[in-house]
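Student: Could you take me through reading a strand and its neighbours in a model like this one?

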Amino acid sequence: MKSMSKGLKKWRLFALMSALLVFLAGCGREEISTLIPAGKVAQDQFNLLLLSTAVMTLVIVVVSIIYVLAIVKFRRSKVGEDMIPEQVEGSAKLEAIWTGIPIVLLLILAVPTVYSTFDLADVSSMDVQAEDGEGMTNVTVNVMANLYWWEFEYPEFGIVTSQELVVPVGERVYFNLAAADVKHSFWIPSIGGKLDTNTDNVNTFYLEFDRASSELEDGVFYGKCAELCGPSHALMDFKVKSLPADEFDQWVTAMQDEQAAPVEGEMAQAGQELFEQSCIACHATSGVGEGGKTSPNLATFGDRNRVAGYMEHTEENVKNWIEDPQKYKPGNIMPSGKELNGGEDFTEEELDALAAYLMGLSVEE
Amino acid sequence: MSSYAQKKGFGATIWDYMTTVDHKKIAILYLISGGIFFLIGGVEALLIRIQLATAGSDFLSAGTYNEVLTMHGTTMIFLAAMPILLAFMNAIMPLQIGARDVAFPFLNSLGFWLFSFGGLFLNLSWFMGGAPDAGWTNYASLALASETHGIDFYSLGLTISGFGTLISGINFLVTIINMRAPGMTYMRMPLFTWTTFVASALILLAFPPLTVGVFFMVFDRMFGANFFEVTMGGNTIIWEHLFWIFGHPEVYILILPAFGIFSEIFSIFSRKRLFGYSALVFATILIGFLGFMVWAHHMFTVGLGPTANAIFALATMAIAVPTGVKIFNWLLTIWGGSISFTTPMMYAVGFIPSFVAGGVTGIMQAIAPLDYQLHDSYFIVAHFHYVIVGGVVLGILAATHLYWPKMFGTMLSEKLGKWTFWTFFIGFHLTFFIQHFLGLLGMPRRVYTFVGGQGWDLFNLISSIGAAFMAIGVIILLVNVVLTTIKNERVGNDPWGDGRTLEWSIPSPPPFYNFAQTPLVRGLDTYWIEKMEGNKEGMTYSEPIGDIHMPNGSIIPFFISFFMFVAAFGALYFPDGKPWALPVLIIGLALMFGCMVIRSLKDDHGFYVKKEDILKDLEGGKTDGRK
């Protein structure tokens, strides 16, 4: 068992190296490309891609040879204007060959397909208790997809975050996926294929994260909504931070800390006051709690990589967003700054204060 | 034209087409209206590619983009590809089996008018508060959440045009079963007739699930019926099943006739009998059959579970076998032949690599776990455009050139035709090949914009440039049509010189009764057999010249469709509480049924074309082979 897992690790290292090579050949960005897999699921799928491409290349080569020979050899200009070809009816032998060989090729694809279909759907160890009786053997994340934002709840730890999924490296992470309003689809291309978040039921699958996202140029993996869900479907991005196990544990502990960190700086304190008047009704700022909220939890706002899931993480963008969320994500449900401020636009100072406060919300060191 | 249809004024011509039950004129109506919708869908495609040419573009707003993408898909599938194929089926299939019209000429006309009013209704949404915006698949949770009337236009429009298609399908089935000329056994039918037959059977079986689905959708939105409302015990996945139980066979409804067209072309322009004719027929039937077994491969990521996914993955792979059989038989048809690279043949030759590319990516997507990555990414956009543009649209363009002389009596310019082919073909590959990689690089489909710097910028720009080439190709085709019509150089029975089947044995265009004498079919490629035997008569005939019974035209199909169209507006505005909505709905439906009653009670025995008139046509060289 041990040697097998060691072999598996070596194989993964090899896979990682080959993926790196592919990347160097120019196969997109490692944060998002399915061609640079960074986890078991994406790797399995990438292997299937290679296998099927190889088989299909074989088919294409055979067809191309017959095709090119035919259109070169049998042009009318070559065989003569008046030539009447022999009216061949067909050949049972040939029909058997080009029925039989494709069946064999398909069987070669069918075996790993069926195996992998069941393997990737195997969630039997999801809710297994750890031997020491404390918690589960694996991390579980409940994902709730909302009109253009994502909520991630960690039921075992009693914490909830949004827009940026935080996961441990080297461990199987299970996901319960659901949608709050319309159908969406949860997809982290470089980690593994997608699964729909339905309004009807909870879908369950797992992913594994082999690389710490800090190694990436942008520091995060990119996640996408893959099902048309309305005007801002294109902007329904999320980001993924994969942390080494110890850092992940620290993050969880920090999130579980109900004692809010003191707000530093005059401006941020003014911002907090404003926030408590205008925003707190919808947005929680503590990571402790349950999922299913109407608005994103902002406990980690300052740690985030993007504003609203896709804009650069600057105070300017935070201010723009608060003033007019519809401009940046048409069709989302957040009211404009004017409505939040009792019918008056926020002043520049107020926006500065809010931005300063929000940027200070952090659970990371 | 026959002596019955002398030169007529413009108004008379319009009236003639509005009341016609002649399959050849209905074909022209389908071709014109399908062509117009093809241009509209093409403009929508160009808007999409302009928007996505650069990152973060604001050429189209987010909401408008979703309307454009929905209407592009819906228009191209329901209002362009299908009607244009129906045009060729109507124009050619009765000729290929030696019939004087379809089995139910009145229903043929009704089918056309229902389709065109349905299409018009759908497109009026642009001017009446907003087009549908939930994608051509119209998934239920998003569709129910949509605030404009767009989804209602979609549901009602497709209901109307769907009736039309269903009627056409039944009509073609009955025609092929009952109206074949003596000697035209099933296994002597040309491949295009075979594929029309199988596609019609698919229409018959696949459209009812769609009708049920859109009817549920209409009821949910009009009366709050809650079929798809999860909070009230409804289920949105049911919509996906209903849609794809229709949607997958729909793909074959489109591609099988295209296969038929290419089969004819390969055979004609390599002067060879189709290699493995019976294998091709069997493969067509098998594809049609398997087409109903694979719908859930559109739903691999829905969460149906590994058992369902594995079964549907294997069933999907199985379709590759008969499709491969077809490809190899076509290759062996041209092998050893005498290939003439006319414009239709260029399209057929271009079709093989394009469709093989679309086919192999289809197999890749059949691998369910791999599809978790490919699904709803640009990879799938590339795939289905490879099969639909590389298969269906190339087939339509090929058929346009091939059958233009038979339908209109003039030849499209070969020179301009080849220009169209090359610009369109190069543009097509430029647009869609690169999209496979966009998908693999993580770009989801149906996005109105994308953030730069994710590795997608250059590929999107290349794709948009390709779209411009395709547009140029279509414009050249339009110029070709105009120039050809102005020149008006009439052609004979067999303008390509190597015609093999019955349609090439009669004048171009044929007289309205098609065959002065019903031919006797003596084998596969019956006209070729007569030619090779040096038959001066043109064909062997199964009857002496005599009076021919033909149906009368009727304006009733137009009015049935028109009143259904009117009633649909009542249904559409009913939930808004408009006081006139309910009366419009009821009166519209009442008038529609009234028209049906008139049709049922009024006896119409048709008329006879007199033997003398036929003989007169024959002397003028206006009918079959005899000069």
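Tutor: Let us begin with the pairing, where two strands (DSSP runs of E, at least two residues, numbered from the N terminus) count as paired if DSSP finds at least two bridges between them. Here five bridges join β1(A), residues 139-146, to β2(A), and the two run antiparallel; Met144(A) stands opposite Glu151(A) in β2(A). This is a predicted model, in which local features need pLDDT of at least 70 and side-chain atom pairs count only at pLDDT 80 or more, while totals for chains, interfaces and linings use all residues. Residues are numbered from 1 along each chain as its sequence is written, with chains lettered from A and ligands numbered from 1 in the order in which they are written.

Student: What lies between β1(A) and β2(A)?

Tutor: Two residues separate them in a hairpin, and Tyr148(A) in that turn has a positive phi of about 75 degrees.

Student: Which strand pairs with β2(A) through four bridges?

Tutor: That is β3(A), residues 159-162, again antiparallel, with Thr161(A) as the bridge partner of Phe152(A). β2(A) and β3(A) also form a hairpin, this one with four residues between them, and Gly158(A) in the turn has a positive phi of about 70 degrees.

Student: Are the faces of β2(A) covered or open?

Tutor: A residue is buried if 20 or more other C-beta atoms, placed from the backbone, lie within 10 Å of its own. By that test both faces are covered, with Trp149(A), Glu151(A) and Glu153(A) buried on one side and Trp150(A), Phe152(A) and Tyr154(A) buried on the other.

Student: What share of chain A is buried?

Tutor: Buried residues make up 45% of its 365 residues.

Notes
A residue is buried if 20 or more other C-beta atoms lie within 10 Å of its own, exposed if 12 or fewer, and partly exposed in between; C-beta atoms are placed from the backbone.
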